[in-house]
Amino acid sequence: MTLSVTRAGDIAIVTIDNPPVNALSRALRQDLLSAAASLDADTAVRAVVLCCAGRTFVAGADVSEFGRPPEPPHLPDVIARIETAAKPWIAAIHGTALGGGLELALGCRFRVAVPGAQLGLPEVTLGVLPGAGGTARLPRLIGMEDAARMITGGKPVPAEKARALGLIDSLAEGDLVTAACCYATKVLTQPLPPVLSERVLQPADAAFWPALEADLRKSARGAEAPLRALAVLRAGETLPFAAAMAQERTAFLELRASDQAAALRHVFFAERAAPRPAELKGIAPRPIAVAGVVGGGTMGAGIAAALRDAGLPVVLIERDDAAAARGLANLRAIYQGAVKRGRMTEAALAERLAGVTASTDYAALADADLVIEAVFEDLEVKRAVFAELARHCRGDAVLATNTSYLDPEAIAAGLPGPGRFLGLHFFSPAHVMKLLEIVPGRDTAPDVLATGFALAQRLGKIPVRAGICDGFIGNRMLKTTRAQAERLLLAGASPAQVDAAMRGFGLPMGPFEAQDLGGLDIAAFQRQAARARGETPFAPVADRLCALNRLGQKTGGGWYDYAAGDRRPRSSPQVEALLRDIAGAPRQALTDAEIVEAILLPMIDEGVTILQEGIALRPADVDLVQVHGYGFPRWRGGPLHMAERQGWRAVLARLAALADRGLAPPPGAALRAMAADEAPTDS
Ligand code: 3H9
């Protein structure tokens, strides 16, 4: 049984117990139907309190069932049965009431929640829309405009706001179930309000829909569910309840079967699997109570901010007083930005900064349990830092480097106690970006690796284990992307065309805009280092731009020109001339679709090579790196998910065709092996 029924006088208490998050599995739906029938028949029962065991109220439909055809009893029918029960049901909400969970609560006559509970309809984040009455009942309860914002945005609201919206009837003081039973006793003395399916819906203001649609078109960046939800809500505004339910269900089932929903489910489950790699099962992380950061530049300050946001006291080490003051100023600037955007109060800013001790003396790290080095990317500078850390930190402190392209083994060479050494590769801005590449060295102890994963979870980041190679997972794939972007220029595309095509694909920025924003010099350093190792990185145009000191926005020009004080990119006659000079003429016209393929397919090729080399452990890790580190559209699931859906043979054939046209390097051995292993399809 997924639920149990107990009694408190004439009130029945139905407790759902379906770990881990009380999702509405088929068995639970069935049990709810049976409970509704038997409680209706029980003459001693006058009201029903519906609550949940464990950490949360019902977190939604069971998403793991979405890959299969829906099985009866269907959730809308279960909820309709509860709504029309002979006795009023009262939902008692703690933790989260999300998706189908909130829809279930909307089927109840009343809702009581503990302060801090979260209520929402996040279906659009899974590529669907509410499919059990959310689009029909929520507007009838809180009004169309608030309901439409909640449904199309997918963001839950806290119980306090839910109370103000009219979504819940009471905030529970003290024990939730007791409060819900008291509430039930009270409402039984009054006439009951009509159920939501019988309420009249007030339409939204005429100007509301076009404004919301314009917002969504901007924010959705190709995701279809938010706009489909809007269309369903808008159409439902003038429909009777039953018809509104019917159109919602049709749209839900269509979206549930869509590629976008499959991609979003893939990312959802990959994110949840990421913090718990099988190899670390049963290995306890080391406790972290105090953290240190060496280097207060952009990266170091961002890392310090991430640590402070997670409540850790931070010791910030810099080489001299002026640098320490700059480090603190960088940190303050991060928080001031948050205050300016209304995301933080001045009091919180003061509290965050009060938890930071800046020092030029490594002895200040004596109590640190973890130290993250984030100094200039120079091997000797970093080695000198680790020599100091070895001298001053406790023998059991975890020592991490945030290097993005130096060899962590070379940084740690000769370090006493190499088992405590680890690579923690943050992405800039480090307090915002969700990805954390965790790079164990040869000697890293398992509990130190586990500490890296535990830290990621504490910082609210997505950890991905990466092996050691130039660029780890993310920056190695980025090199492929950038080389391809240049190859396309030489073939005949313009930077603006490549950027527009990739934005059309769903990236927030194209590869050239992104380079101009970040600066071309870092990649130039990396190429220099690669050449010193005897490699031959492909960047004929970027090399020339760097030689001309066209390093991006910061020098007034890179792939584009920029007017002073204006970040809008303008086509650059100098770059056009450079391209003609390097590539010669005539060049071919390329379509946006060809551009996207020529970037994506080599990325997939590199992704499978990374997997085959063991640099990434799972295909989903490669996808998470792209989604959380590089803005790959979540609704596409990541490059390897796309390849899996399209079929490896098809990917191989198309990449080979691009290579024949000189638009990509030939497919690598790993991709060929994936294609060879794939079972042939009927088509
Ligand atoms: C929906 O409801 C559609 C309806 O409108 C219509 C239907 C007809 N299903 O996140 P955690 C698993 S769409 C199945 O680490 P937390 C998760 O995989 C749904 N499994 O915990 C993990 O498993 P494992 C709308 C689920 O405490 C474990 O639970 N609802 C589901 O950090 C723990 O998860 C949502 O989108 C699910 N719905 O956060 C809510 N949810 O241990 C999605 C979780 O094997 N869920 N699991 O790796 C969440 O946002 C978070 O899980 C929650 C808890 C906030 C609830």
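How many residues surround the ligand, and which are the closest? In this predicted model, 27 residues surround the ligand, and the closest are Ala59, Gly60, Gly99, Gly100 and Gly131.

**View 1. The shell around the ligand.** Strand S5 (96-98), helix H3 (100-107) and helix H11 (259-273) are the elements that give two or more residues to this shell. H11 gives the most, with 3 residues. By residue type, the shell divides into 14 nonpolar, 8 polar and 5 charged residues. The predictor gives the complex an ipTM of 0.99 and a pTM of 0.95. For the protein, the mean pLDDT is 96, and 99% of the residues reach 70 or more.

View 2. H3 is mostly covered, with 8 of its 8 residues buried. The buried residues are Gly100, Gly101, Leu102, Glu103, Leu104, Ala105, Leu106 and Gly107. One of them, Gly100, is also among the residues closest to the ligand.

**View 3. Two cis peptide bonds.** A cis bond joins proline 19 and proline 20, with omega about 5°. Proline 20 sits in the loop between strand S2 (11-16) and helix H1 (26-41). Another cis bond runs from serine 428 to proline 429, where omega is near -5°. The loop that holds proline 429 lies between strand S15 (421-426) and strand S16 (435-440).

**View 4. Arginine 221 in the loop between H8 and H9.** Arginine 221 is not a glycine, yet its phi is positive, about 45°. The loop in which arginine 221 is placed lies between helix H8 (208-220) and helix H9 (225-236). Arginine 221 has 16 other C-beta atoms within 10 Å, so it counts as partly exposed.

View 5. UniProt, in an unreviewed entry, lists residues 291-466 as "domain: 3-hydroxyacyl-CoA dehydrogenase NAD binding". Over residues 291-466 the chain is 41% helix and 20% strand, and the end C-alpha atoms are 23 Å apart. Valine 375 lies in the loop between strand S13 (370-373) and helix H15 (379-392). Valine 375 counts as buried because it has 22 C-beta neighbours inside 10 Å. Leaving aside neighbours within four places in sequence, valine 375 is in contact with Val294, Gly295, Val381, Lys382 and Val385. Glutamate 594 is 219 residues from valine 375 along the chain, and their C-alpha atoms are separated by 40 Å.

View 6. An unreviewed UniProt entry carries the annotation "domain: 3-hydroxyacyl-CoA dehydrogenase C-terminal" for residues 471-562. Over residues 471-562 the chain is 62% helix and 0% strand, with the end C-alpha atoms 29 Å apart. Leucine 489 belongs to helix H18 (residues 474-491). Leucine 489 has 24 C-beta neighbours inside 10 Å and therefore counts as buried. Not counting residues up to four places away in sequence, leucine 489 touches Pro495, Val541 and Leu579. Histidine 392 is 97 residues from leucine 489 in sequence, and the two are 51 Å apart in space, C-alpha to C-alpha.

**View 7. The buried face of helix H22.** Val541, which leucine 489 touches, is one of the buried residues of helix H22 (residues 540-547). Ala542, Leu545 and Cys546 are also buried in H22. Seen down the axis of H22, the buried residues fall within an arc of 135°, so they line one face of the helix. These buried residues pack against H18, helix H21 (521-532) and helix H23 (573-583).

**View 8. Asparagine 549 after helix H22.** Asparagine 549 follows H22 and lies in the loop between H22 and H23. The phi of asparagine 549 is near 60°, a positive value in a residue other than glycine. Asparagine 549 counts as exposed because it has 12 C-beta neighbours inside 10 Å.

Terms used
Residues are numbered from 1 along each chain as its sequence is written. This is a predicted model: local features need pLDDT of at least 70, side-chain atom pairs count only at pLDDT 80 or more; totals for chains, interfaces and linings use all residues. UniProt positions are given in the numbering used here, feature names are shortened, and annotations may be inferred rather than shown by experiment. Helices (H or I, at least four residues) and strands (E, at least two) are DSSP runs, numbered from the N terminus. A residue is near a molecule or strand if its C-beta atom, placed from the backbone, lies within 6 Å of it. Ala, Val, Leu, Ile, Met, Phe, Trp, Tyr, Cys and Pro count as nonpolar, Asp, Glu, Lys and Arg as charged, and the others, Gly among them, as polar. pLDDT is the predictor's confidence in each residue, from 0 to 100. A residue is buried if 20 or more other C-beta atoms lie within 10 Å of its own, exposed if 12 or fewer, and partly exposed in between; C-beta atoms are placed from the backbone. Two residues are in contact if their C-beta atoms, placed from the backbone, lie within 7 Å. The arc is that of the directions from the helix axis to the C-beta atoms.
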